[in-house]
Amino acid sequence: MADDRSYIESNTRERERMRALVEGLDDDALSAPVNEYWTIAGVLGHVAYWDIRVLVLAEKIDRGEPWAPGDAEPDGDWLNDSTRPLIHAIRPRDAAEFALRIVEQTDALVAELPLDRVWPDDPDSPINARRYEHRGEHLDEIEAALSARA
């Protein structure tokens, strides 16, 4: 297996895109809706939640533990739906800044994880080091919502 860590550059690109977005928005904009369910700050909190999941699962690698069936991402939207009220209870600026801190931690960690313990090299791994994919999808949604407001 090649030591392909090309995802690091893409993670960095989307992290910096997120940083520029957060730094460019005031508290009112962070409270704006992205869709009928999520605000901008809420979407950023959602991204942070899924990055925290990676941080927690990576602890199993440090402990030398194998993956367990319960580590897999659950089917359906129930998890996102159940975290939404909690995420939206956080002040928008705090949620956005917290999301940036978590993104930084996650990117630093996944850059160092052994490739044979992350997806796709380990097809059973619940850790996808390509964090940019999830972030990019949601940043696109946020930017579209902001454009629609203008």
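This is a predicted model: local features need pLDDT of at least 70, side-chain atom pairs count only at pLDDT 80 or more; totals for chains, interfaces and linings use all residues.

**The overall fold**

Tutor: From the N terminus on, the elements of the protein chain run α-α-α-α-α-α. Helices (H or I, at least four residues) and strands (E, at least two) are DSSP runs, numbered from the N terminus. The secondary structure comes to 6 helices and 0 strands. The radius of gyration, taken over C-alpha atoms, is 16 Å, close to the 15 Å that the globule rule gives for 150 residues, so the chain is as compact as a globular protein of that length. That rule is 2.2 Å times the number of residues to the power 0.38.

Student: What does the C-alpha trace span along its principal axes?

Tutor: The C-alpha trace spans about 50 × 30 × 20 Å.

Student: How many of the residues count as buried?

Tutor: Buried means under 20% relative accessible area, exposed over 50%, and partly exposed in between (1.4 Å probe, protein chains only). Of the 150 residues of the protein chain, 47% count as buried. The chain exposes about 8200 Å², of which carbon and sulfur atoms supply 52%; the accessible areas come from the Shrake-Rupley method with a 1.4 Å probe, and for residues only the protein chains shown count as cover.

Student: How should contacts be read?

Tutor: Contact means heavy atoms within 4.5 Å. Among the contacts in the protein chain with a separation of 6 or more, 78% are between residues 24 or more positions apart.

**Helices and their packing**

Student: How is the length of a helix judged?

Tutor: The expected span of a helix is 1.5 Å times one less than its number of residues. The 18 residues of α1 should span 26 Å, and its end C-alpha atoms are 26 Å apart, which agrees. For α3, with 23 residues, the reach from first C-alpha to last is 34 Å, close to the 33 Å expected. Helix α6 (residues 131-149) has 19 residues and should span 27 Å; its end C-alpha atoms are 28 Å apart, which agrees.

Student: Which helices do the buried residues of α1 pack against?

Tutor: An α-helix has 3.6 residues a turn, so residues three or four places apart point the same way. The buried residues of α1 include Y7, N11, E14, M18 and V22, and the buried residues of this helix pack against α3, α5 and α6. Those of α6, among them R131, R135, L139 and I142, pack against α1, α3 (40-62) and α5. Helix α3 is mostly covered, since 18 of its 23 residues are buried.

**Single residues**

Student: Is M18 buried or exposed?

Tutor: M18, in helix α1 (residues 7-24), is buried, with a relative accessible area of 0%. Leaving aside neighbours within four places in sequence, M18 is in contact with L44, A99, L100, V103 and L139. M18 and R135 are 117 residues apart in sequence and 8.1 Å apart in space, C-alpha to C-alpha.

Student: Which residues does T106 touch?

Tutor: T106 belongs to helix α5 (residues 92-110) and is buried, with a relative accessible area of 0%. Not counting residues up to four places away in sequence, T106 touches D51, V54, L55, R131 and R135.

Student: How should the backbone be inspected?

Tutor: Most residues other than glycine have a negative phi, and most peptide bonds are trans. Here the peptide bond from W119 to P120 is cis, with omega near 10 degrees, and P120 lies in the loop between α5 and α6. After α3 comes G64, whose phi is positive, near 70 degrees.

Terms used: Residues are numbered from 1 along each chain as its sequence is written. Side-chain values use heavy atoms; hydrogens and water are left out.
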